[in-house]
Amino acid sequence: LQVSVDQKHLAEARSGILSILHTIMSSVTLLWSVLHQADISDKPAAASAAATSNINLGSTKKLRQQILELLGPISMNHGAHFMAAIAYVWNERKQVKTPIRNKVIPVASEEQLLLVELVRSVSAMHTETVMQTVKEVLKQPPAIAKDKKHISLEVCMLQFFYAYVQRIPVSSLVDSWPSLLVLLKDSMQLGLPAPGQFLILGVLNEFILKNPNLESKKDQRELQDVTHKVVEAIGTIAGSSLEPTTWLRRNLEVKASPQIVVDGTNLEADVEDLMLTVMEASSFTPSVYSVHALTLLAEVLAHLLDMVFYSDEKEKVIPLLVNIMHYVVPYLRNHSAHNAPSYRACIQLLSSLSGYQYTRRAWKKEAFDLFMDHTFFQMDASSVSHWRAIIDHLMTHDKTTFRDLMTRVAVAQSSSLSLFTNRDAELEQRAMLLKRLAFTIYSSEVDQYQKYLPDIQERLVESLRLPQVPILHAQVFLFFRVLLLRMSPQHLTSLWPTMITELVQVFLLMEQELTADEDISRTSGPSVAGLETTYSGGNGFSTSYNSQRWLNLYLSACKFLDLALALPPESLPQFQMYRWAFIPEASDDSGLEVRRQGTHQREFKPYVVRLVKLLRKRAKKNPEEDCSTKTIPWEPGHLMLTLYVIRSMEQLLPFFNLLSQVFNSKASCRTGPVYSHNPTDSSFTGSKEGHKLESQKVFWSRARQNIEEMVEKDFLEGLIKT
């Protein structure tokens, strides 16, 4: 102050220090974290709450004070440079290895959160000041770190601000609403990179979670307007992997280029490394962000809109959602492998929206059209639960949609199979509709559609009237399994004779094929034993048993028997009367022998015993197809048959082997597996009756969940089911 200094030199000195401010901040924050660690390690030992522990530089309290005295004037006079330096250090302090998570917005590391604490400790940096300064940095980022051009300072600044908003008191956030509104509005005008726009939505969502109601109507309207703009901007990014089908039409389809996979293990790397990198102009396209935009919308959109728009204002949401659905539907129509990440994100988004009844107008028609599409079931297992929720909401709140589906099934069945039309196509259409009806029932609560059961039964019986149509009958058996899980036993009494008759019919067909195979090999020698045997049905259609459709029917029927045996006997009392026809009771597996009118006569052999014998014979003749040595595990309350497709009937031999052994014991006679068989639950034996009942409930609740997961996968088509 005593020496006269040339203002030019002073300005140069100032700009010199500001140009290395990020390096100074890096050192200062490093010291701040050392002080933090020292305080943490000393706290259990020292009871002094004054936080005056010492490190070799002096007391932590004094050092903190000196750091804040250094930063206070800088933040007051050069706020933008100060916050830009914070953003730079924020990027430096990111985690190298990140834990698995499914968040589009990166979760801050411990070191990054210390930066939030540091800024909050600087007395000059009130909440409003922080917001205004962040806005300045976004509008005109100071030229720092020229050697690190690949860092997007704006995105790092917003990542810091997002963490800051999460950690300040609600009162501070509410008081500074005008500044936050200006920041949000201005940010939308700046053309920020996509990750920056994701963070703007994240900040808005945090504000609404902390303070859903603004006192002034004007403030609430402004909040709605800014929400509308932010969501629309993210929607545009979400649609960036789409292109028009033709230049005249507004319809969109997914671009053929591969998409970035949003996977918990790689997401952080995607967002922070790939997306903060400024790519070459030629290779950079916004479509790399579309999956992330869809994922973020799936996480926050439904709840966000519900909070921002009050009950009497829900109508305002519909146009916005119609626009979002315009981008979502093309992804859901595309079942190709490269579109899978977008498909998963979109189905989560639609599922979350469907939970709010007022949104129905925006997605009802599109969801039903997708449901009726012939490729609908080509999805992975993780998407099924979301579709179940959507279909349940669709059908429950609008009974006309369910009745429309029932009518379509009835109309398809009433149309006669003409010789002049493609018979296979018509049968496939019937099977497709029946499968969708089964999925609708499966997506519902127990007995929800009980009043429609007579109509459903009529549709099933109608489907069974057509002889030798395996594609349709396989779907009927899937439907039977759904009914066992979704209808109370007393409502199914009238359907059991049909179910048992059909199961017997399929086992007779299997027996007939295996016997015919044996006869051919006996009369013609082994050379023709491998030929496909055919059977001419009553309607004159010749059917090849070994074709894939027949194998699908056999598998579907076996799975029905598997489910009936896995469920607790008291939930299927009617089936217990028919068990003896299928599985051997507590006796040897050669059948019971009795004396009748003085003649020695062999009694009925259960179908399982008969089929095991024939399958073993066939397996011996085809050593390469021999499955007789394969075993499958058996647990009470678990399904035994976990195959989704079979290529030959011999693949069912381990299942039949197991059935002929497991239930062929006095312990399981007529009542199915008893609880003491369950090795994991010893509480079933020797405990009090109440505790025993409770344990049984828990056991069957878990078992039912496992069973439902297995049945769910049987609806899927065209993808490997893991």
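This is a predicted model: local features need pLDDT of at least 70, side-chain atom pairs count only at pLDDT 80 or more; totals for chains, interfaces and linings use all residues.
**Cavities, a pocket and ring pairs**

Residues are numbered from 1 along each chain as its sequence is written, and side-chain values use heavy atoms, with hydrogens and water left out.

A cavity is a set of points, on a 1 Å grid over the protein atoms alone, where a 1.4 Å probe fits but cannot get out; a pocket is an open set with protein on both sides within 12 Å along at least five of seven lines, and lining residues have an atom within 4 Å of a point. The structure holds six cavities of 30 Å³ or more, and the largest cavity has about 60 Å³ of space. Volume means the space filled by probe spheres set on the points, with grid points joined across faces, edges and corners. By class, the lining of the largest cavity has three nonpolar, two polar and two charged residues (Ala, Val, Leu, Ile, Met, Phe, Trp, Tyr, Cys and Pro count as nonpolar, Asp, Glu, Lys and Arg as charged, and the others, Gly among them, as polar).

Now move to the largest pocket, which holds about 880 Å³ of space. Its lining takes in 29 residues, and those nearest the centre are Lys435, Gln475, Asn552, Leu716 and Glu717. Helices α19 (423–442), α21 (470–486) and α23 each supply at least two residues of this lining. The lining divides into 12 nonpolar, eight polar and nine charged residues.

Of its 19 residues, 16 are buried, meaning under 20% relative accessible area, with exposed being over 50% and partly exposed in between (1.4 Å probe, protein chains only). The end C-alpha atoms of α23 (residues 548–566) are 26 Å apart, which agrees with the 27 Å that its 19 residues should span at 1.5 Å a residue; the expected span is 1.5 Å times one less than the number of residues.

Lys435 also leads us to the aromatic rings: its charged end sits over the ring of Phe377, 4.6 Å from the centre. For this, NZ of Lys or CZ of Arg must be within 6 Å of the ring centre and within 35 degrees of the ring normal. Phe377 belongs in turn to a cluster linked by ring pairs, together with Phe371, Phe376, Trp387, Phe439, Tyr442 and Phe715. Rings of Phe, Tyr and Trp (its six-membered ring) pair if their centres lie within 6.5 Å; planes under 30 degrees apart count as stacked, over 60 as edge-to-face and the rest as tilted.

The count comes to 31 aromatic pairs. Phe402 and Tyr449 are stacked, because their ring centres are 4.2 Å apart and their planes lie at 25 degrees. This pair links distant parts of the chain, as Phe402 is in helix α18 (residues 399–414) and Tyr449 in the loop between α19 and α20 (453–465), 47 residues apart. Phe402 is buried at 0% relative accessibility, and Tyr449 is buried at 1%.

Terms used
Helices (H or I, at least four residues) and strands (E, at least two) are DSSP runs, numbered from the N terminus.
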